[in-house]
Amino acid sequence: MTEFAQCDPAELRSLFLFEKLSEEQLERLCSEGHVELIEPGLVFTEGDPAQNLYVLIEGKLVTSRRVSGDDVEVARTSQRGVYTGAYMAYLGERVQQVYQNSARVTEPSRFYVLGAECFNQIMNEWFPMPVHLLEGLFFGGQRTREMVGQRERLLALGSLTAGLTHELNNPAGAAVRATASLRERVTAMRGKLKLLAAGKYPRASLETIIGLQQRAVERVAKAPQLDPMEASDAEDAVSDWLEDHGCSDAWQLAPVFVQAGLDPAWLDEVHETVGEEMLEPALRWLNYTVETELLMNEIEDATTRITTLVGAAKQYSQLDRAPFQVVDVHDLLSSTLLMMSAKLKNITIVKRYDKTLPKIPAYAAELNQVWTNLIDNAAQAMGGNGTLTIRTARDDSCILVEIGDTGPGIPPEVQQRIFEPFFTTKPVGEGTGLGLDIAWRIVVNKHHGDLQVESVPGDTRFQVRLPIQAEPLPVEPVQAEPIQAEPIQPENS
């Protein structure tokens, strides 16, 4: 129940917001606005059109914001003169005029109430210079945040691009080298084939060599992976066998045969099959065959690696996908780790994934930006050396993604401010202070989730909670959201 009461200019003057106004101005406020006595309950709801400015005269006011379906209390005060509601009406239609929070009173409370349009008109008439200054501060701050946020994203993109280029260069270079070597081997094989065809070898012997060639190719596909010591011992054994059977350049043939999985026992079978006269020509033909097959495998591995990296880049950027979709967070984490592999090359990565987690509706590309910011911060905190632990689990109606590092930790006084825009502990020029702010707004504002930090020396954990069943999400880009003012002005403001 709401009751309207007489507005007293003297009472308004007792509020810090109006204490410097003239009698004429106070009279106008009383004529344009009114005093309301509001019984305990809701005053207005977050997101509704902002119609009135409320100034507390007496009572108790509580403001809250909705996070993940819950109303989270922002402030509770009995201070006379605090204000809430349409306090940004002086900006006009350039800013969406909605209530930035919900407000309720816990006891009968009296407010001075002024309509938003009237508040806008009075502010611009009475205080044109302060209004211009406030507009410049608000929109200038918004533009600064957008520009610095864009720079932050470009710096991250440049870093990731450098890492991706490095990762792509290795398999690309390997493919080029293998292709050049393959061309040489194919040319040599053509020459060797000409010698075999011109020789005095019977047709049956040539058919036997072709059969051995096919068997050698099959063994290449099944060749075991040997460690350096095992490979060295195997090469010595094969080299001794070749020398015992009069083959020249045994030291060149042995590594190729070992890599293909051809051991002395298999070479004995070759000897028994082709005989002494054709042994060396057959072995050299098999050497060309095996080298060719190994080079083709190398090219296949290199191109597969390139395809994997390109796929990871597409998964990371989500360029070919809808902005909002149902995703597996493990796929997003994997693509981010792959994109950042150059930065993490000296860091031990521990994955503790709960593979039973369901997929969730989300803005995938923006979640990748969250993982990038958190992992990059962890890598910098550890100085490029340490253990990065990524854990996923279910937490009631949310999934939990925890990114931990073994860095020096975050002091308690810093933990209270790390999600503030432009706050950074990095040296000048090395950080914008927007990475965690952007992560916060993506997780909390856009996905209605939660982002927290727990930190002691040697164990820092950022915990991201994302709803499994998401509420309808906003479509505007997170980076374009304006800087919000505090809903309740503190004392002496």
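## Burial and the model

Buried means under 20% relative accessible area, exposed means over 50%, and partly exposed covers what lies in between (1.4 Å probe, protein chains only). E402, at 7% relative accessibility, therefore counts as buried.

This is a predicted model, in which local features need pLDDT of at least 70 and side-chain atom pairs count only at pLDDT 80 or more, while totals for chains, interfaces and linings use all residues. Residues are numbered from 1 along each chain as its sequence is written, and side-chain values use heavy atoms, with hydrogens and water left out.

## The disulfide and other cysteines

Let's turn to the cysteines. The structure holds one disulfide, a term for a pair of cysteine sulfur atoms within 2.5 Å. The partners are C7 and C30, with their sulfur atoms 2.3 Å apart. The torsion about their S-S bond is about -65°, so the disulfide is left-handed. This pair links distant parts of the chain, 23 residues apart: C7 sits in the loop between β1 (2-5) and α1 (9-13), and C30 in helix α2 (residues 23-32). Helices (H or I, at least four residues) and strands (E, at least two) are DSSP runs, numbered from the N terminus.

C7 and C30 are both buried. C118 counts as buried too, at 13% relative accessibility, and so does C247, at 7%.

## Salt bridges

A search of the whole structure finds 12 salt bridges, each being a side-chain nitrogen of Lys or Arg within 4 Å of a carboxyl oxygen of Asp or Glu. One of them joins E32 to R28, where the closest N and O atoms are 3.8 Å apart. Because E32 and R28 are four residues apart in helix α2, about one helical turn separates them. E32 is partly exposed, with a relative accessible area of 40%.

K343 and D376 form another salt bridge, at 2.5 Å from N to O. Here distant parts of the chain are linked, 33 residues apart, with K343 in the loop between α10 (329-339) and β11 (347-352) and D376 in helix α11 (residues 364-381). K343 is partly exposed at 37% relative accessible area, whereas D376 is buried at 15%.

## A linked network

Back to E402: its side chain meets that of R461 in a salt bridge of 3.9 Å, N to O. R461 lies in strand β16 (residues 459-467) and E402 in strand β14 (residues 398-405), so the pair ties together parts that are 59 residues apart in sequence. R461 is partly exposed, with a relative accessible area of 33%.

Which residues are linked with E402 and R461 in a network of salt bridges? R391 and D459 join E402 and R461 in that network.
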